[in-house]
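Subject: Structure handover

Hello,

Here is the structure I said I would pass on. Please open it next to this message and follow along.

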Amino acid sequence: MFLFVATYGAAMSVSAQEKVVVDSVVSANRAGVENILQGNVAGLRVKSWSGTPGTQSILNLRGLSLDPTDKSTMPLILINGVPMIASPSDVTGINPLSYYTTDQIERIEVIKDIDRLAAFGVQAPNGAINIIMKEGKSGAIHISANAYAGANFQQNMDSKADAFYNFNTGARRQVYGNGGIVDEQNLMVDGNGDYGSYLFGLSNYQDKGYIKGTSSGRQSLFLNAKYNITKGFSAQFYNNFALANRDGRYAGEYSRDLTLPVTGDEGFVMDKKRNVDLISSMKLAYQFNPSFKISSVASISYDASSRDYYIPSNLLDGNIHAFSATIKRQLVALNTSLNYLHRFNDYLNLDMTIGNEIRGNDDRITSVDGQRSLESGGSDFVKVVTGYNANQTYAYSDHEMEKIVSFYGIWKWNYKKDLDVNMVLRTDGSSFYQNKWALYPALGVHYDLNNALNFPVKANIAYGKTGILSKPEVYRGQIGAYGDYYGNTQLGVGLLYPAFQDAKSVSVYQLDAGLTFNILPSLLDISVNYFNKIYKNFTYQRYLSNISGMDYQYETGGSLGLAGVEFSLDGRWFNNRDFGWSTSFNIASYKNKVRSLPSDIQSTSLAYLGALSNGDAVTSITAYQGGQSKIIGNSEAKAFGGISNTFRYKKLSASFTASYAWGADVATESFTSTYYADLVGNSFPIKNAETPYYFTTTDATGRVTYQGMRTIENASFIRLNKAAITYHFGPILKRLASINDLQLFLRGDNLFTLTNYSGVNPEENITGIRKRDLSLTGTPLPSSLVLGLKLVL
Amino acid sequence: MKFWKLIPVVLLFFLFACKKNLTINLDNRTVAEGYYDSPQKFEQAAVGGYVDLRRALVANYAFLMYGEARTGDLAVATDYQPAVVSQKLTSDNRYVKQLTDWEYFYDVIHDANDLLDNINKADNSILNGYKRNLYKGEALALKSYAYFYMARIWGDIASAETNNFGKHLTNQEAVTLASGFASEAKRLLPWRLLNDSEIESAALTNIRFSKTSVTSLLAHEELWLGKAQDAYTLLTNTFTTATTDSLSDFGISMGVDRRTDIPQKPLDAGVVSMTIDSLNAIYPAGDSRRAGMFNISSDGKTATMIVADATILPLITKRELNLLFAEAAWRSGNLNAAKTYLIRAATGAKEDYSTLTDATFANALLKERRRMLVGTGQRVFDLIRLGKVSTYIPAFTDADVQKGAAYWPLSANSLKGSSLSQNSYWLSKK
């Protein structure tokens with residue numbers, strides 16, 4: 001019984017959706033920490049855009065970018081407070097958030113308020129997510145194990161309604177299919193005593209997904225140990241070492257459009273992706289006296305991704321293609337801080353932290369890419385690629401480094417327990433900047449009205465600034481190698497563009513205001529938060545006149561706005577010995593807009609925003625109608641959120657989390673309406689059945705193509721993301737094996753989706769446009785069902 | 001309280017943050033700042049100018065389209081030469097449009113100006129006297145050549161110099177600017193370039209500017225400006241018997257351009273040819289040179305050029321020197337000397353040039369330039385300089401030429417934001 005209450009109590013701490021206690025929410029069968037958060041945090045949009053196992057869902061926490069395809073809206077991800085390399089590498093695309101098993105995570109803090117974010121400066125313009133790992137529980141030794149297995153399947157593969165591959169379902173059936181196994185096994189050992197605490201474990205995860213002939217997996221070892229050296233001096237070590245792999249295929253994955261009804265023999269295809277990832281941190285803390293503490297954390301995050309790839313000639317019309325690429329990314333950080341508590345009098349206290357952080361990124365990439373046609377007399381399935389020479393093989397290597405040195409100060413004033421004032425000041429110096437330093441201040445006021453008004457409400461307001469670093473090439477300028485000379489022995493080099501002397505970070509000004517009601521402390525919490533972010537000074541390219549000798553130079557300007565309201569409700573309706581029921585609900589409604597754009601925008605790299613005026617959403621989908629560019633939709637949802645319910649009846653518990661989003665539009669390109677503009681007299685539509693909207697592309701020869709649109713659809717949906725039924729055997733076999741709890745569970749992911757969208761998954765399009773060739777569109781998102789057993793000794 | 005001893009260590013962490021610590025010297029990056037730190041890198045930048053010049057002249061067979069392919073002397077097997085030879089230069093064909101765009105030439109000027117800036121910034125430990133002079137001279141020569149070429153294609157052009165960027169330059173102003181650069185380059189460039197082993201290299205000199213080629217260029221520019229006496233003085237003072245062994249040709253080395261697909265063999269027999277009628281008209285029977293210059297096809301209908309070295313596209317040749325001497329002498333009133341130079345130049349011609357007069361000299365000179373310089377793209381420029389456009393391009397009347405027909409129209413991209421406008425002839429053809 002104790003366990004039920006403990007589990008249930010944990011569920012209550014989801015209060016205000018700022019913190020997710022992982023054991024209290026339904027876990028996901030798909031790897032990736034973001035899948036646990038999906039639907040559970042007000043304002044955190046987790047878009048499951050692809051069904052390929054190991055893919056990172058798109059995370060957006062009050063983030064906005066000028067470019068809908070880039071990753072710059074990714075929040076800062078921390079592991080026990082230290083930064084990690086969290087975005088997938090371009091080489092393998094394997095999600096670094098999949099290196100952790102749910103079982104090793106204690107809780108996840110979601111940081112949205114500016115008076116906490118400003119302390120991260122230029123690292124956290126889009127919020128921060130801090131993943132706190134479990135530590136050893138009190139007692140000499142505990143062992144826990146968890147294992148489950150199940151299968152992936154798809155429910156809505158209606159071939160008659162399949163607009164996804166131009167009704168070419170033959171090839172799709174060959175590529176996608178039910179039955180891919182998903183399974184995980186974890187073992188953890190932990191303990192806690194005067195010496196400190198320890199937790200170590202190992203994990204194995206496999207997911208064969210929904211794409212036939214592919215597989216993915218992850219193995220990891222982890223350690224979280226704390227050692228009390230003396231009474232005031234402690235050291236903590238955290239390590240997670242993971243190997244991740246994914247074997248892909250050609251048709252349906254590398255080549256998405258499946259134009260032929262049958263796919264070729266892929267017996268000789270090789271597509272091996274392998275990641276090696278380590279995150280390691282060491283924290284030393286010394287408590288001089290009750291009010292004075294010093295701590296220092298050193299951390300290394302390392303991610304090596306490699307891909308080896310070979311496509312035989314039977315698939316490439318007589319050509320063979322091989323490439324191999326490796327990207328190694330490392331992030332070293334050292335954060336030292338002094339913490340001082342000062343009590344001025346009975347009413348006024350100060351909690352002050354000043355610190356210094358040093359961060360260094362170092363990324364290297366090397367790739368070799370070769371292609372050749374089949375030699376006469378060769379086999380269609382030549383696997384060994386021989387005879388490459390310098391003219392057929394492209395080699396590439398690149399090296400990117402960045403250093404950031406920061407100082408920060410956080411002053412938390414507390415008056416009479418009612419009023420908190422947080423003052424934050426951070427200064428970031430980046431190796432990218434010409435003028436090295438940028439300043440990020442913030443001020444927040446939190447007031448608990450319970451004493452003054454005798455009403456259980458807390459109000460908060462904060463204002464401050466963060467920043468977004470531009471890409472390194474902006475700060476540096478670039479030299480290009482143009483061509484060979486003198487019998488190919490000399491290389492002609494020239495300036496692509498000079499270093500941008502006025503380069504600066506995008507300034508992000510954020511205002512937060514919120515109210516939290518604890519209507520009945522044990523029954524209902526309601527929280528409403530408003531935020532308003534203003535982005536200023538984006539860096540973009542200004543195209544130059546053709547006597548300049550350079551195509552463009554950089555310029556800063558433009559301004560965007562993002563504002564929203566987030567609402568969350570946590571209700572604990574019943575909680576007695578036999579029965580419990582709790583609900584968490586959240587909804588967020590955001591609106592982004594253009595505040596100002598550069599003048600003569602058609603001569604800039606932002607020309608694609610040329611149809612927008614001030615006040616229009618920057619995420620608008622624009623297309624042509626009768627030669628005029630106009631807005632036909634918005635790729636961002638008007639509102640999104642989730643609802644979770646947990647029921648308990650005696651030893652049986654059931655939970656589910658549903659997520660939803662409404663109001664996002666998808667423009668779907670037509671498979672048949674593709675025309676050369678000159679052949680159709682530069683007019684569109686051609687057929688009555690076509691919508692009047694079209695996109696245009698210009699090929700290398702200057703020829704314009706019109707791509708008609710099949711539909712503009714509403715991609716609103718509600719999805720049952722995660723659901724689990726658990727039977728708790730409770731303590732059994734006490735004498736033989738001292739099992740404290742044994743749980744049997746049945747868990748499902750993505751069990752059903754209600755939507756009118758004509759494709760497989762309403763979230764599958766990254767840009768809100770389903771291209772004809774399905775680029776920037778994910779693979780079908782499968783459902784899965786697993787049966788598992790969890791054992792706590 | 002021994003842990004107080006940790007405090008200095010902590011303070012050390014704080015002291016990490018100085019500006020120097022935030023400066024990263026990347027080892028293998030091609031970034032703009034601080035890149036030019038060795039003579040090799042300057043050399044690559046100079047070569048970058050030649051690579052851009054190659055793109056300007058060779059992409060879409062531009063050097064021929066501006067020259068012999070426009071007058072019809074040479075046929076270039078492309079789908080756009082018919083538009084060019086029929087003077088439909090405002091055609092919608094994308095290659096013709098590219099030919100009306102001057103961007104590639106301004107890229108050369110930008111390279112040169114950039115190189116000059118970097119040379120001025122480099123101290124003597126990076127660039128010594130010879131290399132400093134060489135690269136500076138090459139940059140100036142490249143710039144001069146690009147301005148001169150553009151002035152001959154478009155007439156009036158725009159300045160890309162920092163002191164008057166974008167300013168409308170009349171044809172005279174543009175060529176005067178170009179001749180100033182060539183004059184300075186002449187002072188700096190050696191007769192022969194040194195290779196990596198610091199030995200004089202004829203092969204290297206053949207594909208980079210040297211004193212020979214830049215002097216020819218300067219003489220040519222002065223002739224264009226009507227300063228024949230200056231040209232004559234320049235030529236006679238520079239090319240003496242003492243320098244005979246130092247002369248060299250100048251051409252562009254062929255190779256791959258990573259941005260634009262350029263013809264690797266721009267005079268290849270498969271693409272560039274002359275009808276047998278043209279050949280017979282230009283090189284009458286008895287001209288002993290034509291057998292060494294052309295192959296006749298087996299059906300006897302076409303002639304193709306014999307290319308001695310396919311890796312080089314000749315631009316300023318030694319064989320042109322006597323022609324320049326002849327023109328400079330004639331136009332500065334030394335007809336006898338001019339005839340001597342022309343006869344010396346035209347060895348193998350069957351005509352008797354010793355009887356030429358002031359009135360007949362121009363045609364003879366034009367004829368020999370046409371014969372001897374075929375494939376170097378100068379035909380239209382010669383017609384303009386000697387005032388014979390309407391004679392040899394029958395599509396144009398004298399009135400058309402007055403309105404600017406001999407020059408090329410400007411592309412929309414070149415006109416955009418420019419201080420120039422389309423000349424009245426091409427404006428009427430829109």
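Which residue of strand 11 of chain A does Leu199(A) stand opposite? Leu199(A) faces Asn224(A) there. Before the rest, please keep in mind that this is a predicted model.

Chain A, strands 10 to 12

Strand 10 of chain A covers residues 196-207, strand 11 of chain A covers residues 215-228, and the two pair in the antiparallel sense over twelve bridges. Strand 11 of chain A also pairs with strand 12 of chain A (residues 233-247), again in the antiparallel sense, over 14 bridges. A hairpin of four residues leads from strand 11 of chain A to strand 12 of chain A. As background, the strands of a sheet pair through backbone hydrogen bonds, and the pairing can be parallel or antiparallel.

Chain A, a mixed sheet

Chain A also has an open sheet of five strands in the order 1-6-7-4-5, with mixed pairing. Strand 1 (19-21) and strand 5 (82-83) of chain A are at its edges; each has a single partner strand, so one side of each has no neighbour in the sheet. Further in, strand 4 (residues 76-79) and strand 7 (residues 128-133) of chain A pair in the parallel sense over four bridges. Ile79(A) stands opposite Ile131(A) of strand 7 of chain A.

Chain A, strands 30, 34 and 35

Strand 34 of chain A (residues 717-728) runs antiparallel to strand 30 of chain A (residues 652-662), and ten bridges join them. Here Ala654(A) stands opposite Ile725(A). Strand 34 of chain A is also joined by eleven bridges to strand 35 of chain A (residues 741-755), which runs antiparallel to it. In that pairing Thr726(A) is opposite Phe745(A).

Chain B overall

Chain B has 430 residues, of which 44% count as buried. Its secondary structure comes to 22 helices and ten strands. The C-alpha atoms of chain B fill a box of roughly 110 × 55 × 45 Å along the principal axes. Of the contacts in chain B between residues at least 6 apart in sequence, 66% join residues at least 24 apart.

Chain B, sheet and helices

Four strands of chain B make an open sheet in the order 1-7-9-8, with antiparallel pairing. Strand 1 (75-76) and strand 8 (294-296) of chain B are the edge strands, each pairing on one side only. Two bridges join strand 1 of chain B to strand 7 of chain B (residues 272-275), and Ala75(B) stands opposite Ser273(B).

How do helix 9 and helix 11 of chain B cross, and at what angle? The axes of helix 9 (residues 171-188) and helix 11 (residues 211-224) of chain B come within 9 Å and cross at roughly 155°. Angles over 145 degrees count as roughly antiparallel, so helix 9 of chain B is roughly antiparallel to helix 11 of chain B. The residues in contact include Val175(B) and Ala178(B) of helix 9 of chain B, and Val214(B) and Leu218(B) of helix 11 of chain B. The crossing of helix 9 and helix 11 of chain B is left-handed.

One annotated span

An unreviewed UniProt entry lists residues 323-393 of chain B as "domain: RagB/SusD". In the model, this span of chain B is 65% helix and 0% strand, and its end C-alpha atoms lie 23 Å apart.

Regards

Key: Residues are numbered from 1 along each chain as its sequence is written. Chains are lettered from A and ligands numbered from 1 in the order in which they are written. This is a predicted model: local features need pLDDT of at least 70, side-chain atom pairs count only at pLDDT 80 or more; totals for chains, interfaces and linings use all residues. Two strands pair if DSSP finds at least two bridges between them. A residue is buried if 20 or more other C-beta atoms lie within 10 Å of its own, exposed if 12 or fewer, and partly exposed in between; C-beta atoms are placed from the backbone. Two residues are in contact if their C-beta atoms, placed from the backbone, lie within 7 Å. UniProt positions are given in the numbering used here, feature names are shortened, and annotations may be inferred rather than shown by experiment. Axes are lines fitted to C-alpha atoms, for helices over the stretch in contact, and angles run from 0 to 180 degrees between N-to-C directions. Angles under 35 degrees count as roughly parallel, over 145 as roughly antiparallel, 65 to 115 as roughly perpendicular and the rest as oblique. A crossing is left-handed if the near helix is turned anticlockwise from the far one by less than a right angle, and right-handed if clockwise.
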